[in-house]
Amino acid sequence: MIPLTTPDPFGIYANPVGHWFVVVVAMLLLAFVLVTATAYVVFFERVALGFMQRRPGPNRVGPRGLLQLAADGVKGLFKEGFAPVGVDRVLFVIAPGIAVASVLLGWAVIPVGIWGDVTYWISDLNVGILLVLAVSSMNVYAIMLGGWASNNKYSLLGGLRAAAQLISYEMAMGLSLVPVFMIVGSLRLQDIVTYTVHWGPYSGPIPLLLLAPVSFLIYLVAAVAETNRAPFDLPEAEQELIGGFLTEYSGFRFFMFYLAEYLGVLTQSTLVALLFFAGWYLPLIPGVIALGLKVVFFLFVFIWLRATFPRLRYDMLMRLGWKVLLPLGLANVVITAVLLVLLT
Amino acid sequence: MSVFTDVSALLVGLKTTLSEAFKPHVTVEYPEQKSVRSQRYRGRHYLRRYDNGLERCIGCELCAAACPVGCILVIAAENTAEHRVSPGERYAKVYEINMLRCIFCGYCEEACPVQAIVLGPEYELSDVSREQFIYTKEKLLEPGPQQTPLHAGRRR
């Protein structure tokens with residue numbers, strides 16, 4: 001979280017050692033905040049799902065159940081990390097680590113907000129959004145390797161499904177963002193968020209949702225598929241595959257996969273808020289809180305979708321990806337390009 | 001257009017789940033709230049007394065005979081003029097129910113000719129050791145009117 005216009009009263013930042021110290025502290029702080037936030041994403045999901053099923057959700061541990069996830073986390077840490085006979089031990093152990101690392105890496109370039117006139121992020125990359133897309137799709141390696149290493153047919157099926165699903169939806173996701181890049185003219189996340197228009201009397205930031213609504217819809221569907229969430233949770237598919245790639249995982253490794261899944265949800269919610277809803281701009285509300293509100297809203301959308309829709313059948317999933325979202329994304333790119341040329 | 005009907009179906013689903021979230025919960029939060037039990041609910045057993053304080057049980061062992069899992073032990077003894085416990089000839093000197101075996105079928109209640117053994121409404125019978133689940137006569141017997149402080153020492 002290095003400030004954009006660095007206020008450096010003590011000269012720490014100019015000093016190379018001080019610079020690295022600041023970066024490492026910021027990274028640790030961000031990782032801590034993200035893991036804690038993820039725990040509360042899980043809590044939020046359990047409560048919201050509970051309300052939609054007309055039950056209160058977890059409300060026993062701590063005030064209003066807020067410490068439930070701490071209790072679950074401690075329980076998971078002390079559970080036996082069981083590995084069945086015949087697993088590929090190295091890959092079996094590495095896979096959950098890849099899952100968490102790949103999602104956390106994406107946060108290196110995500111601007112987490114603005115306080116005063118200072119924007120905060122770890123690294124200001126001019127192709128930030130590409131890095132996020134590339135790194136978040138590394139998650140599939142974790143799922144595939146974990147599924148393959150488990151020596152279990154259901155795990156393997158889950159892993160293969162994850163791979164096929166990711167290929168189908170990553171294309172649509174990338175294509176859905178192309179119009180955004182064309183409109184903004186930059187791949188830096190900061191530029192996309194701070195994109196301003198000068199329309200007659202109004203001059204200021206605008207949510208890109210208004211300029212690229214089709215992109216938003218495609219991106220939202222692809223993001224749900226990308227994070228393997230219901231209704232696209234085929235790699236897990238409790239009813240058909242007993243949990244898919246998670247079948248043989250237990251204890252801490254299982255928790256790491258879960259952490260990765262919910263971190264992914266948090267990442268995608270933040271990206272949707274940044275890309276299509278003008279990130280930290282909201283009238284009357286300071287930047288960090290505005291971004292937080294938008295992220296919470298999209299987290300709720302993820303949960304809402306899970307509470308509402310049944311899982312797609314595998315062929316339906318493929319059909320939606322290749323025959324609907326991909327052509328729609330291509331048409332969206334072409335139409336946006338034509339409109340841009342005509343209007344400018 | 002089938003696309004629009006499909007999408008509107010999705011929106012109807014979203015609206016349904018959202019509106020459900022604002023309806024009251026159906027959960028009974030157990031230790032604080034308890035669901036209403038039927039009047040005929042069969043829970044923990046009681047041994048009843050007559051209004052004058054005499055025990056109803058006459059030690060006939062019909063409950064033990066009726067019990068499908070054999071969890072009732074009755075050892076009867078004769079009533080005497082000086083030591084009268086029940087109005088009949090005999091009374092239950094030992095009356096024990098093994099609550100770990102009991103299936104709460106209520107056959108003992110039906111078999112009893114004097115309505116001495118009844119199944120009450122209590123169902124929270126957990127305990128910390130197996131021995132605690134052998135319900136002795138002292139635990140089962142409902143307190144009598146004589147067990148005032150004045151007489152309490154004399155009865156046992």
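**A close look at one helix**

Guide: Let's take helix α10 of chain A, residues 251-276: its 26 residues reach 38 Å from the first C-alpha to the last, close to the 38 Å expected at 1.5 Å a residue. (Helices here are DSSP runs of H or I with at least four residues, strands are runs of E with at least two, and both are numbered from the N terminus; the expected span is 1.5 Å times one less than the number of residues.) Bear in mind that this is a predicted model, where local features need pLDDT of at least 70 and side-chain atom pairs count only at pLDDT 80 or more, while totals for chains, interfaces and linings use all residues. Residues are numbered from 1 along each chain as its sequence is written, and chains are lettered from A and ligands numbered from 1 in the order in which they are written.

So how covered is α10(A)? Mostly: 22 of its 26 residues are buried, where buried means 20 or more other C-beta atoms within 10 Å of a residue's own, exposed means 12 or fewer, and partly exposed lies in between, with C-beta atoms placed from the backbone. Just past the end of α10(A), Ala278(A) has a positive phi of about 60°.

Now for the partner. Two packed helices are described by the angle between their axes and the distance between the axes. Helix α3 of chain A, residues 89-106, has an axis that comes within 8 Å of that of α10(A), and the two cross at roughly 20°. (Axes are lines fitted to C-alpha atoms, for helices over the stretch in contact, and angles run from 0 to 180 degrees between N-to-C directions.) That makes α3(A) and α10(A) roughly parallel, the word used for angles under 35 degrees; over 145 is roughly antiparallel, 65 to 115 roughly perpendicular, and the rest oblique. The crossing of α3(A) and α10(A) is left-handed, meaning that the near helix is turned anticlockwise from the far one by less than a right angle; clockwise would be right-handed.

Who touches whom? From α3(A), the contact includes Pro96(A), Val100(A) and Leu104(A), and from α10(A) it includes Met256(A), Phe257(A) and Leu263(A); contact means C-beta atoms, placed from the backbone, within 7 Å. The residues of this contact split into 10 nonpolar, four polar and one charged. (Nonpolar covers Ala, Val, Leu, Ile, Met, Phe, Trp, Tyr, Cys and Pro; charged covers Asp, Glu, Lys and Arg; the others, Gly among them, are polar.)

After α6(A) comes Gly185(A), with a positive phi near 80°.

Terms used: Two residues are in contact if their C-beta atoms, placed from the backbone, lie within 7 Å.
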